[in-house]
Each structure stands twice: as structure tokens, then as C-alpha cells.
Amino acid sequence: MPIAFWCVLLAGLMPILTVGIAKAGSRGGFDNHDPRAWLERQSGRARRADMAHRNHFEAFPFFAAAVLTATHLAAPQARIDELAMLFIVVRVLYTACYLTDRATLRTLCWTVGYLTVIGIFLLPVFVH
């Protein structure tokens, strides 16, 4: 299986990992009866982990579609793999920046990740 497909799996797990951080680092214990309202009331690192969790869900479909599209259109697999790995690295850095409240660096990581996905989509057009 291509490395890029493993990266899709990792990207799919990132929301779960970050919400786990939010729940573990919370004040007052997690309320599983109303988890979304409970997460909304959090602050600090727990709140930022929840925000990262939400953003990972938002980023996932675009990334997965890019990998599947580039693969289907027979773009060079090595290039797809390289960009997919870059996406995962940047998203891990993005998460670290979110958790440590480094907003400007977080935005830079988000931008690089977004451009990486666009690059994956465009591989079949420009690289044969």
C-alpha cells in the first residue's frame, strides 16, 4: 500500500488524538452526556486541543480526496508520498503550535499544509 494511503489513515486519526488531549487536560472532568457543550466551556490548552481537533476534521476530506485523485490519475507515486508525508509533518507541527499557543506559526503550518494538498491535486497536471 502506498505511503500516502498510510498518511490518509494518520490524518484520519489526528482528530481523535487531539480530542483525547482536550478531554485529558480538562478541568472538572469530562461530561460524556453532553460532550460538545462541555468542550465549548473549556479554556486554555484543553480548548486549543479541541480547536485543533475540529480543524483536523476540516482538513481531512480535502487531503484524502487529493491523495485519491492524484493516485487515480496516475501521478508519480513517489511525489504523492512525499507531499502526503509533508502534510502529516506540517499537521503535527500545527497541532504542537496550537497546543502551545503559537498562533502565527500555527497559521504558517496551516498554510503550508493547505498548499501541500493543492500540490497533490495538481501533480497529475504538471508531473507525468
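This briefing covers the overall build, the salt bridges and a nonpolar surface patch of one protein. The model is predicted. The protein has 5 helices and 0 strands. By the rule used here, the salt bridges come to 3, and Arg47, Asp50 and Arg54 are linked in a network of such bridges.

**Overall build**

- Read from the N terminus, the elements follow the order α-α-α-α-α.
- Along the principal axes, the C-alpha atoms fill a box of roughly 55 × 30 × 20 Å.
- Of the 128 residues in the protein, 37% are buried.
- Taking contacts between residues at least 6 apart in sequence, 70% join residues at least 24 apart.

**Surface and charge**

- The protein exposes about 7300 Å², and 67% of this area comes from carbon and sulfur atoms.
- There are 12 positive and 8 negative side chains.
- The centres of the positive set and the negative set lie 5 Å apart.

- Helix H3 covers residues 44–72 and holds both Asp50 and Arg47.
- Asp50 forms a salt bridge with Arg47, with an N to O distance of 3.8 Å.
- This pair counts as a salt bridge because 3.8 Å is within the 4 Å cut-off.
- Asp50 and Arg47 are 3 residues apart, which is about one turn of the helix.
- Asp50 also forms a salt bridge with Arg54, and here the closest N and O atoms are 3.0 Å apart.
- Arg54 lies in helix H3 as well, 4 residues from Asp50, again about one turn of the helix.
- Is Asp50 buried or exposed? Asp50 has a relative accessible area of 1%, so Asp50 falls under the 20% limit for buried residues.
- Arg47 is partly exposed, at a relative accessible area of 22%.
- Arg54 is partly exposed too, with a value of 30%.

- Arg79 and Glu82 meet through their side chains in a salt bridge, 3.0 Å from N to O.
- Which helix holds Arg79 and Glu82? Both are in helix H4, which spans residues 77–99.
- Arg79 and Glu82 are 3 residues apart, so about one helical turn separates them.
- Arg79 is partly exposed, with a relative accessibility of 42%.
- Glu82 is likewise partly exposed, and its relative accessibility is 42%.
- Both values sit between the limits of 20% and 50%, which is why Arg79 and Glu82 count as partly exposed.

**The nonpolar patch**

- Trp110, Tyr114, Leu115, Ile118, Leu122, Val125 and Phe126 form a nonpolar patch on the surface.
- Together these residues have about 690 Å² of accessible area.
- Trp110, one of the patch residues, is placed in helix H5, which runs over residues 103–126.
- Trp110 is partly exposed, at a relative accessible area of 35%.

Technical notes
Residues are numbered from 1 along each chain as its sequence is written. This is a predicted model: local features need pLDDT of at least 70, side-chain atom pairs count only at pLDDT 80 or more; totals for chains, interfaces and linings use all residues. Side-chain values use heavy atoms; hydrogens and water are left out. Helices (H or I, at least four residues) and strands (E, at least two) are DSSP runs, numbered from the N terminus. Buried means under 20% relative accessible area, exposed over 50%, partly exposed in between (1.4 Å probe, protein chains only). Patches are made of residues with over 30% relative accessible area and no salt bridge: like charges are joined within 9 Å, nonpolar side chains (Val, Leu, Ile, Met, Phe, Trp, Tyr) within 5 Å. Accessible areas come from the Shrake-Rupley method with a 1.4 Å probe; for residues, only the protein chains shown count as cover. Contact means heavy atoms within 4.5 Å. Lys and Arg count as positive and Asp and Glu as negative; His and the chain ends are not counted. The place of a charge is taken as NZ of Lys, CZ of Arg, CG of Asp or CD of Glu.
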